[in-house]
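Open your viewer and get the selection panel ready.

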Amino acid sequence: NKVEMTKYLNKPTVTLDGHRVELAANIGTPEDVKGAIENGSEGIGLYRTEFLYMGRDSFPSEEEQYEAYKSVLDCMKNRPTVIRTLDCGGDKELPYFKLPDEMNPYLGLRAIRLSLEMQDMFRTQLRALLRASVHGNLKIMFPMIATLDEFRKAKAILIQEKEQLISKGIAVSESIEIGMMVEVPSAAVIADHFAKEADFLSIGTNDLIQYTLAADRMNERVSYLYQPYHPAILRLVKNVIDAAHQQGKWVGMCGQMAEDDIAIPILLALGLDEFSMSASSILKARSRISQLSKSKWEGHLSHIMSLSTAEEVEHFMKEIIGKRN
Ligand code: PEP
Ligand code: MG
């Protein structure tokens, strides 16, 4: 209940056995920051900037974007703030910019693919982000990365824009982390290579599940295939976390799975560093994590990872959770 939850408001997120993780919020607009802070968020794990581009009749200018990013960073007061570059295409359309019809929009020109093709638009967003970076603890994240080449290209453009700003005497933070979403199975499989070049990885399970199970996340008729506990998903998630840690990088999750009651103990045992979710779920997750022992769940991990279906995983988790601690 609400009163019970408020005791978790301005507390760090620590397990029974003293392991600390970060609980962050997913936001869609700068106005959402207030709610994130009121709900005890320790950072922003995903700012979906596409909402800045939607519901209007032209692209947002660099200045408009700068104001939006600055306002988020100002309000977050140096707490980690991950801002994702434009992720449109798929189901997210821009009314003023008609993309050619595609047979499979989710497999088409979307997210980073579009940004790399429309470089002027991409560079405008990056300049706005870079200029805003001096106002807080900014981390820039690229969506839908499938190949190393895409990540390298996006990062190179970012660095080019940064150097140009600096040469013009415009201040840019020296400590911006550059990371990526892991939401395409190819990236999850070769996470070891990405972890060498990215400062952090954030697992986007909404798309990762859709692409791994080959089931449209919006299609009711195949919703039975949307299985967060599918062993393939658990193995991919484990692979990404291990790869990041091998390189000394932090790894988060900003898909729905990060706030899933059954998934949380597994993610904790796997060593996930940051859980990013809707603001309204944060206190509940903190209360829950505070009552879990990481080492106890680590003890269950090899069994969980050996199970062969999502049903088996769910069944086992419910059985252990039911026994309490
Ligand atoms: C995801 O794919 O898990 C994700 C967080 O991004 P979005 O839901 O915006 O596609
Ligand atoms: Mg996604």
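Start by selecting H10 and H11, the latter being residues 231-246: their axes come within 10 Å and cross at roughly 130 degrees. Axes here are lines fitted to C-alpha atoms, for helices over the stretch in contact, with angles running from 0 to 180 degrees between N-to-C directions. The helices, like the strands, are DSSP runs numbered from the N terminus (helices are H or I with at least four residues, strands E with at least two). H10 and H11 are therefore oblique to each other, given that under 35 degrees counts as roughly parallel, over 145 as roughly antiparallel, 65 to 115 as roughly perpendicular and the rest as oblique.

Before you zoom in, two notes on the model. It is a predicted one, in which local features need pLDDT of at least 70 and side-chain atom pairs count only at pLDDT 80 or more, while totals for chains, interfaces and linings use all residues. Residues are numbered from 1 along each chain as its sequence is written, and chains are lettered from A and ligands numbered from 1 in the order in which they are written.

Now show the side chains between the two helices. On the H10 side you will find Leu-208, Ile-209 and Thr-212, which meet Ala-232, Ile-233 and Leu-236 of H11; contact means C-beta atoms, placed from the backbone, within 7 Å. This contact has five nonpolar residues, one polar and no charged ones. In this scheme Ala, Val, Leu, Ile, Met, Phe, Trp, Tyr, Cys and Pro are nonpolar, Asp, Glu, Lys and Arg are charged, and the others, Gly among them, are polar.

Which element gives the most to the shell around ligand 1? H10 does, with three residues. Strand S3 (44-48) also supplies at least two. Residues around the ligand include Leu-46, Arg-48, Asp-87, Glu-183 and Cys-254, where near means a C-beta atom, placed from the backbone, within 6 Å. By class, the shell has two nonpolar, four polar and four charged residues.

Next, select H12 (263-270) and H14 (294-306), which pack at about 95 degrees with their axes 8 Å apart. That makes H12 roughly perpendicular to H14. Look for Pro-265, Ile-266, Leu-268 and Ala-269 of H12 against a set from H14 that includes Trp-297, Leu-301 and Ile-304. The contact divides into seven nonpolar, one polar and two charged residues.

For the last stop, pick H4 (62-76) and H6 (119-132), packed at about 40 degrees with axes 8 Å apart. H4 and H6 are therefore oblique. Among the residues that meet are Tyr-66 and Leu-73 in H4 and Ala-128 and Leu-129 in H6.

Finally, color by pLDDT, the predictor's confidence in each residue from 0 to 100: the protein averages 96, and 99% of the residues score at least 70.
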